[in-house]
Amino acid sequence: MHTNVWYVDDDVDIEKSYPQIVEAAEWLKKNEVVAFPTETVYGLGGNAFSKQAVAKIFEAKGRPADNPLIVHVASRPHVEKLVKEIPHEASKLMDAFWPGPLTIVLRGGEGVATNVTAGLDTVAIRMPDHPVALALIEAADLPLAAPSANLSGKPSPTTAQHVIHDLTGRVAGVVDGGATGVGLESTVVDCSSDTITILRPGGITKEQLEEVVGHVEIDPALTDDSHQPKSPGVKYKHYAPSAPVTLVDGTSSFLQSIVEKRKEEGIKVGVLATEETEALYKADVVIPCGSRSDLISVANRLYDVLRRFDEANVDEIYSEVFTEQGVGTAVMNRLSKAASGNVIKE
Ligand code: TXA
Ligand code: MG
């Protein structure tokens, strides 16, 4: 399949009549799949009402069929077409955080194709805060089912080049709107029962949610492997570069001592460092991932840095760890998955 690439000028206002958006929307209306930027990561979109379009998303990504998709909307009336009822608390969250990196799981979803929800009786919905995403949804005049636009298991794409690398020949097109903002996927919050529960940490923190709706639970499966996660996607190995990742919970000199041992054994070692610590390591490849004093910068850079280790062909990656506060919770969630839980403590 030929994959079109549509460049979108970031200096002009993007509206649904923008020529490249109109062209990409035509493919979506024909039930083909198109990747597009959001403020979190690039998504791979398809008509949420079409089983055929949604099947193409799963196929292009190599995604397991039991992992449901998020439906992206551009307006509240779109949501009302998807679910019968919007609970009061969910409505408050939409007012506070939409458009933005918050996905809300609601009861219902009978309106969307059955493969969107993987047979669950709930549907996940989000309104992205990106002019290109919103214009595309409006131009297609369809809610778009869209997972992250990477091959299943790989780090999510934060640039169009990442998408092109993973999906060329597998999708109808990619709308290139430059690098994304947050850099980690949205927070997924379950509002389908009386307790509001975070199923996946992301750009919107627990503290921010609690300011709007009071107490919020965290799915115990996020911190304890013996629980079955309520968000099916959370159970898969994710976000992983090809080389095995190990988190090192200790000082830089402890991490450096591990690197030296591995190097003596002839192994090509990569270190995920920070701006503050980069100079302290001597490894084959040292990549700074933002600043320790600004965890948002770490989130922004994380997936690109993981992909750069693949390009550098290292055999093993050792990573610093971060404080699990604010967006640090989401950063550590993704890093732990990339490491399949591998941690060395000093
Ligand atoms: O920021 C994002 O959320 C990006 C952009 C493209 O919007 N999308 C994204 O999609 O990360 P994906 O498919 O990589 O992750 C969707 C997550 C999965 O963990 C999935 O299991 C969960 O949302 N999910 C979807 N529908 C659900 C439902 N009905 N109940 C519980 N979890 C659900
Ligand atoms: Mg994903």
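Helices here are DSSP runs of H or I with at least four residues, strands are runs of E with at least two, and both are numbered from the N terminus. Alanine 24 lies in helix α1, residues 19-29.

Before I continue, some conventions. This is a predicted model, in which local features need pLDDT of at least 70 and side-chain atom pairs count only at pLDDT 80 or more, while totals for chains, interfaces and linings use all residues. Residues are numbered from 1 along each chain as its sequence is written, chains are lettered from A and ligands numbered from 1 in the order in which they are written, and side-chain values use heavy atoms, with hydrogens and water left out.

Let me return to alanine 24. Its relative accessibility is 0%, so alanine 24 counts as buried; buried means under 20% relative accessible area, exposed over 50%, and partly exposed in between, with a 1.4 Å probe and protein chains only. Leaving aside residues up to four places away in sequence, alanine 24 touches Trp6, Val34, Leu136 and Val175, where contact means heavy atoms within 4.5 Å. Alanine 140 is 116 residues from alanine 24 along the chain, yet their C-alpha atoms are separated by 8.4 Å.

I turn now to helix α9, residues 295-311. Just after α9, asparagine 313 adopts a positive phi of about 55 degrees.

How do α9 and α10 pack? Their axes are 9 Å apart, at an angle of about 20 degrees. That makes α9 roughly parallel to α10. Axes are lines fitted to C-alpha atoms, for helices over the stretch in contact, and angles run from 0 to 180 degrees between N-to-C directions. Angles under 35 degrees count as roughly parallel, over 145 as roughly antiparallel, 65 to 115 as roughly perpendicular, and the rest as oblique. Among the residues that meet here are Leu302 and Tyr303 of α9, and Val331 and Leu335 of α10.

For helices α4 (residues 88-97) and α7 (residues 206-213), the axes come within 9 Å and cross at roughly 120 degrees. These two helices are therefore oblique to each other. The residues of α4 in this contact include Leu93 and Phe97, and those of α7 include Leu209 and Val213.

Finally, helix α8, residues 252-264, has 13 residues and reaches 18 Å from its first C-alpha to its last, close to the 18 Å expected. Its buried residues include Phe254, Leu255 and Ile258, and the buried residues of α8 pack against β12, β13, β15 and β16. Glycine 266 follows α8, with a positive phi near 85 degrees.

Conventions
Expected span 1.5 Å × (residues − 1).
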